[in-house]
Amino acid sequence: MKIKTIEAIAVRLPMKKPVQMASETVAQAENVFVRIESDAGLVGWGEAAAAPTMTGETIAGMMAAIDLMQPKLIGRAAYDFAGATAAMDMQLYGNSGAKAAIDMALHDLVGRASGRPVYALFGAKARSRMPVLAVIGSEDAAADLHEAQARWNAGYRAFKIKVGLSSPEADAVRTMMLCQELKGQAQGGETCLVCADANQGFSVDDALIFVRGVGDCGLDFFEQPVSAHDLDGMSRIAATTKVPIGADEGVHSLDDITRHHERKAARGVSLKAIKLGGLSRLFAASRLCGQLGMQVNISCKTGETSLASAAAMHLAAVAPAIAWGLTVTSSGLAEDVTATPLRIDGGHIEVPEQPGLGIDVDEHRLRRRQYEFKRVA
């Protein structure tokens, strides 16, 4: 089975409500979908969100990158994932989101062609039903407590609190209140994961104020407190607190994971396909973390649909461990690209068993949200 056509489709999708983070507020999702058709007439789909502050990629940049790379991929064997990755890397440096969308579509295509779910292309399933992190974030502690309680009542047992939104002192108070409230409800050996994510929003001094403020409230980890490239700052923060520090925006490769480990800058990482360049590299990263004794969170970027969320689920199903949980973001969209979106039941999600990613993209829905943009000559 060979690759016949590759089409990139730029889409804007509405959010149910804006998601506030330190570096941006996401009011609508801007994503690129990749449609790959084989010479046998089968179709596979991939997706990547624009993430200028994480991967450096915009919609226009990803569309241009896919246009540039596709001539080197047409006619290749669809199942040669490593060969496709090498061909893309030879053609273009970086552009990990664009490459991830193509890689995801190839895995979906091969899974559909072989009658296997994508996780089975990587090995034996380690878990089927997984807790989903509920993302909580505003500058209003009372509103956050109300939302957290509603999520708890709905069955969620894993939570991510967005910080870097206010002063470190105020964020610490809000985080401590939420953490104590949520942890206090866990009974009878029930586990509850609570983390905070600054999305690079603090200076080192502010991050130190924050970790001193939260004290020993039970926070499970503190993600990307400072700039992605500030390993010295990450190491300094990690050395002064018992709260495990996690890296997100600072991890784009296996070498990045190793550097964080060697510098004692992080005790775990958040792995995203768009940062690493595809599902195969995400799986390799999860295995490396297992070898190094680092914790793993597998995550989608805010505003990714059921398609990319399903891809994250498949990889979470086969990763050696996901002690820091799974973050899928499709439930935050007011409109998805499938008639049967992923269903979160009692704060948990089941990995699809259908061939490929298990998501049937509705092309009519997708193309209704397609938009044109000015191409740069």
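Seven nonpolar, four polar and six charged residues make up the lining of the second largest pocket. In this division Ala, Val, Leu, Ile, Met, Phe, Trp, Tyr, Cys and Pro count as nonpolar, Asp, Glu, Lys and Arg as charged, and the others, Gly among them, as polar. The model is a predicted one, in which local features need pLDDT of at least 70 and side-chain atom pairs count only at pLDDT 80 or more, while totals for chains, interfaces and linings use all residues. Residues are numbered from 1 along each chain as its sequence is written, and side-chain values use heavy atoms, with hydrogens and water left out.

The second largest pocket has a volume of about 320 Å³. Of the 17 residues that line this pocket, L342, E350, P352, Q354 and G358 are the closest to its centre. Strand β13, residues 348–350, gives the most to the lining, with three residues. Helices (H or I, at least four residues) and strands (E, at least two) are DSSP runs, numbered from the N terminus. A pocket is found on a 1 Å grid over the protein atoms alone, as an open set of points with protein on both sides within 12 Å along at least five of seven lines; a cavity is a set of points where a 1.4 Å probe fits but cannot get out, and lining residues have an atom within 4 Å of a point. Grid points are joined across faces, edges and corners, and a volume is the space filled by probe spheres set on the points.

The largest pocket holds about 670 Å³ of space. It is lined by 41 residues, and those closest to its centre are V19, V135, K162, T302 and T329. Two or more lining residues come from each of β1 (3–20), β5 (134–136), α4 (141–153) and β6 (158–162). Strand β1 supplies the largest share, six residues. By type, the lining of the largest pocket divides into 14 nonpolar, 13 polar and 14 charged residues.

Next come the aromatic rings. The structure holds six aromatic pairs. The rings of W152 and F159 have their centres 6.5 Å apart and their planes at 15°, so this pair is stacked. Rings of Phe, Tyr and Trp (its six-membered ring) pair if their centres lie within 6.5 Å, and planes under 30 degrees apart count as stacked, over 60 as edge-to-face and the rest as tilted. W152 is buried at 7% relative accessibility, and F159 is buried at 0%; buried means under 20% relative accessible area, exposed over 50%, and partly exposed in between (1.4 Å probe, protein chains only). The charged end of R157 sits over the ring of W152, 3.6 Å from its centre. Such a charge is counted if NZ of Lys or CZ of Arg is within 6 Å of the ring centre and within 35 degrees of the ring normal. R12 lies over the face of Y371, at 3.8 Å from the ring centre. F202, F210 and F222 form one aromatic cluster.
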